[in-house]
Amino acid sequence: MRAQLEQLATVVVGLAALGVGTAAVHREFFSNQLATHLEANDVSRVEHFDDLVKAGRTIGDSTAPIKIVEFSDLECPICRTFNERIQEVITPSSRDAALVFVHFPLPMHRFARPAARAAECANDQSRFGKFIDIVYAKQDSLGLKSWGSFAAEAGISDTIQFVKCTAGASKLSKIEEGLAAGTRIKVQGTPTVVINGWRFRNPPFDSLAAILDHLRAGQAPVDTRSVRAQ
């Protein structure tokens, strides 16, 4: 039942976890309400998009002209679904589009921050993308499987060093950078998606392929005349 509820209503962002207060912001993402056609009020422009890219880990070709920045939580069911959608649209051989994964672990999810740390430990062994895929695929096993087991499935060779890394208590820069970047643009839920500076009010499940086609053609994903800036 808990998993079903989370799939309908993702994410409370506890600002206390970011050190800025005790309030929480709640947002719901319903993927079945997302239309293929985007209206102007579905998107906004985000300044300093390059800073968001720098705050994350690029999965794919780092020189790709289209960057899909996703603020994500590895315990978030909707993030898992969006990750599956991205893999349908962007293949390993894609050169014109890449995912930029930005850590935004939510305090309502017990294993989100440890999972983010484990992903960073996987990155030390160049297995970041594969590791998050495994975590999403085995999301129901968070807290039941050891991080070493996840690492082995992700093809991490030095699991001893990996487990030692996951047990560390120090803050990791990429996680803190992701939280700071999300706070700057007022992220209220995961996944929050920004593509080449266009921020989408809801994760663009159904319209993602069309959005990429528009950007490849040098077009905006919507009529820009009434788009607001952030």
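## Close-up views of a predicted model

**Figure 1. Strand β6 and its parallel neighbour.** Strand β5 (residues 66-72) pairs with β6 in the parallel sense, and seven bridges link the two. The model shown here and in the views that follow is a predicted one. Within this pairing, V69 has V100 of β6 as its bridge partner.

**Figure 2. The antiparallel partner of β6.** Strand β4 (residues 57-59) also pairs with β6, but these two strands run antiparallel and are joined by three bridges. In this view, R57 stands opposite F101 of β6.

**Figure 3. The two faces of β6.** In a regular strand, side chains alternate between the two faces of the sheet. On one side of β6 are A97, L99, F101 and H103, and on the other are A98, V100 and V102. Every one of these residues is buried, which leaves both faces of the strand covered. The count for strand β6 (residues 97-103) is accordingly seven buried residues of seven.

Figure 4. The model contains one disulfide, which joins C121 to C165 with an S to S distance of 2.0 Å. The torsion about this S-S bond is about -80°, so the disulfide is left-handed. C121 lies in helix α4 (residues 112-123) and C165 in helix α7 (residues 159-166), so the bond ties together parts of the chain that are 44 residues apart in sequence. Both cysteines are under the 20% limit for a buried residue: C121 has a relative accessible area of 2%, and C165 has one of 17%. Two further cysteines, C76 and C79, are also buried; the relative accessible area is 0% for C76 and 0% for C79.

Figure 5. E120 belongs to helix α4. With a relative accessibility of 6%, E120 counts as buried. Leaving out residues up to four places away in sequence, E120 touches R57, H103, F128, L172, K174 and I175.

Figure 6. E177 is placed in helix α8 (residues 173-184). Its relative accessible area of 33% makes E177 partly exposed. The side chain of E177 makes a polar contact with the side chain of K174 at 3.2 Å. Not counting residues up to four places away in sequence, E177 touches K54 and A55. E177 and A55 are 122 residues apart along the sequence, yet their C-alpha atoms are 5.3 Å apart in space.

**Figure 7. The nonpolar cores.** The largest nonpolar core has 43 residues, and the members that touch the most other members are I68, F131, F162 and I195. Helix α5 (residues 128-137) gives this core its largest share, which is six residues. Apart from this core lies another of 19 residues, including V46, F71, I175 and V187. A closer look at F131 shows its surroundings: beyond its neighbours within four places in sequence, F131 is in contact with A115, A118, A119, A122, W147, F150, A151, A154, I156 and F162.

Figure 8. The peptide bond from T190 to P191 is cis, with omega near -5°. P191 is found in the loop between α8 and β7 (192-195). H48 has a positive phi, near 55°, although H48 is a residue other than glycine. The loop that holds H48 lies between β3 (43-45) and α2 (49-54), and H48 is exposed at 52% relative accessibility. S126 is likewise not a glycine and has a positive phi of about 60°. This residue, S126, is in the loop between α4 and α5 and is exposed, with a relative accessible area of 65%.

**Figure 9. The chain as a whole.** The chain has nine helices and nine strands. Of its 230 residues, 49% are buried. Among contacts with a separation of 6 or more, 75% are between residues 24 or more positions apart.

Terms used. Residues numbered from 1 in each chain as written. Predicted model: local features only at pLDDT ≥ 70, side-chain atom pairs only at ≥ 80, totals over all residues. Heavy atoms only, no water. Disulfide = S-S within 2.5 Å. Helix = DSSP H or I, 4+ residues; strand = E, 2+ residues; numbered from the N terminus. Buried < 20%, exposed > 50% of the residue type's maximum accessible area, 1.4 Å probe, protein only. Contact = heavy atoms within 4.5 Å. Polar contact = N/O pair within 3.5 Å; in protein donor to acceptor, adjacent residues only side chain to side chain. Pairing = 2+ DSSP bridges. Core = buried A, V, L, I, M, F, W, Y, C linked by side-chain atoms within 4.5 Å.
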